[in-house]
Amino acid sequence: TLAKVYFQEPFDEFNTATRWVHSKARPDYGEWELSTGALVADPLVNQGLRSMTNDSHYALAAPLEQPFHTKGKTLVLQYSVRFDKVIDCSGAYIKLFPVDLDPEQMNNESPYHVMFGPDLCGSSHSVKVLLGHKGKNYDIKKPISPINDQLTHLYTLILYPDLSYKVLVDNKIKAEGTIAKDWSFIQPKMIEDKTAKKPKDWDDRAMIDDPEDQPPENYENQPEEIPDPNAVKPEDWDEEMDGEWEAPMIDNPDRMIWFPQSIPNPNYQGVWKAPMIDNPDYEEDPDVATYNIGYVGFELWQVTPGTIMDNIVITDSVKHARQVAEETWSKFRKAERKAKKALDVERGLVMNDRAYADDDNDGDDAENSNFKGGLSLANDDFTFVEESVQKVDIGSESQELDENSKAQEQAPAQAIPVEQDGQQPSKPTQDIPPQAPVVDSDDTTTVTKPLKAQDEKRETIATYEKPSGVPVQAKDGAEDLPEQELPTVPLHDEL
Ligand SMILES: *[C@@H]1O[C@H](CO)[C@@H](O)[C@H](O)[C@H]1NC(C)=O
């Protein structure tokens, strides 16, 4: 099936004659302009729709190319937002409206299916993800933080037909899971049996003390304290007055401390979980979280204007949305950071270089090559962008990539980790430099490492195909092989 793009708006122009409709529901709606704002990385690509008016409501909508009925389809809603000014209190979210919206009368009461994007007011900052259900809208239960700085950030919402979802900010997954779990309007089909109790004899100890491991002899009889052997009876000690002199007690320095070895518990049953049962409140609703979308728009209240909306995409294809992101946001994000730095210098607001670090962790950020973790510049403090968050990787393109890299991991050189007697050789590590190879046959070479100095035996750490061009000598001479001619031992972390 072909990907369908129901709406795409790069804001190269702001077409109010044929596309965008200003609502007339109030006489005083705020105005919009096409602008790059203060930060210009690329005057054309960076241009977006910028809100202009202080302390205003905004209401603007445009019809989709054709209504998008999401049943059985993936809904991808993506757009970018930049706060050109430091935001006091402003919404910057986007809404998807039903087909029967009258855009000229659109207002804050107009029913909508989806509301998605950042909302900042005072200290309350969140990414809203509201979904409609039977005339009401429900926000996601997981908190998602918007990135509050003056750079462009990409917001992507994906609702899959199996009622799972993903929320991405700057192509990083910020929330994912199922609609049933993370919104309150769908009852899950199965729930945990709350009445179930963990059986008394359930063994959830992963490790236990080794019953075979006995304390050393005399362990029980060791005194904890002994009289201080270095103590000397004071010269003026008077036995009649003071009683018999005794040395003060000190901790017994020879006392052995012993703990039994921990071993895996052979009777370990795992972590106990209550069994799942049918949820009595579950209702079969084939249309839950499916929408018939006719319009997209902004219906906002902004104290501080200057939010720049750009590159709206509404499609059933994650891959298409990613492509748009790559051609727009990904392209200028580095340049934008540079422009931000230049602008801050101009304004006398030079921040630590880290503030401008590219946070994609791809190591190509020359000024910050040692910097990992990614800080992005916030208004007056640093916002940490979690390093651990996965990069987006959905869509067939990246899956292919993943599969390729898997194949590469599995394919290569590591021919042979099994010894003749069927023992796994121990894992070679960087700490144990391989010693001279010993020739076993024409085709394989065994690398050994010496055990302890006094130990004649050598332990096999790995065998590998004989690399061509490496002179392998007879067994006797193996020890004399010059070091630089040693073939490298491949390190297999997954042996
Ligand atoms: C909008 O608000 C800002 C900040 O309070 C102020 O400097 C500016 O003059 C205001 N603009 C208008 C048109 O009132």
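**View 1. Strands β9 and β10 sit side by side in a predicted model.** Strand β9 (residues 114–121) and β10 run antiparallel and are joined by 8 bridges. A strand here is a DSSP run of E with at least two residues, numbered from the N terminus, and two strands pair if DSSP finds at least two bridges between them.

Some ground rules for every view: residues are numbered from 1 along each chain as its sequence is written, and side-chain values use heavy atoms, with hydrogens and water left out. Because the model is predicted, local features need pLDDT of at least 70 and side-chain atom pairs count only at pLDDT 80 or more, while totals for chains, interfaces and linings use all residues.

**View 2. Strand β10 also pairs with β11.** Is β10 (residues 124–133) mostly covered or uncovered? Mostly covered: 8 of its 10 residues are buried, where buried means under 20% relative accessible area, exposed over 50%, and partly exposed in between (1.4 Å probe, protein chains only). With strand β11 (residues 136–139), β10 pairs in the antiparallel sense over 4 bridges. Look for Leu-131, which stands opposite Tyr-138 in β11. This hairpin has 2 residues between the strands, and Lys-134 takes a positive phi near 45 degrees.

**View 3. Glu-9 and Arg-19 form a salt bridge.** A salt bridge is a side-chain nitrogen of Lys or Arg within 4 Å of a carboxyl oxygen of Asp or Glu, and by this rule the count comes to 17. In the pair shown here, the closest N and O atoms of Glu-9 and Arg-19 are 3.1 Å apart. Glu-9 is in strand β1 (residues 5–9), whereas Arg-19, 10 residues away, is in the loop between β1 and β2 (21–22). Both Glu-9 and Arg-19 are buried.

View 4. Lys-198 is partly exposed at 43% relative accessibility, and Asp-204 is partly exposed with a relative accessible area of 35%.
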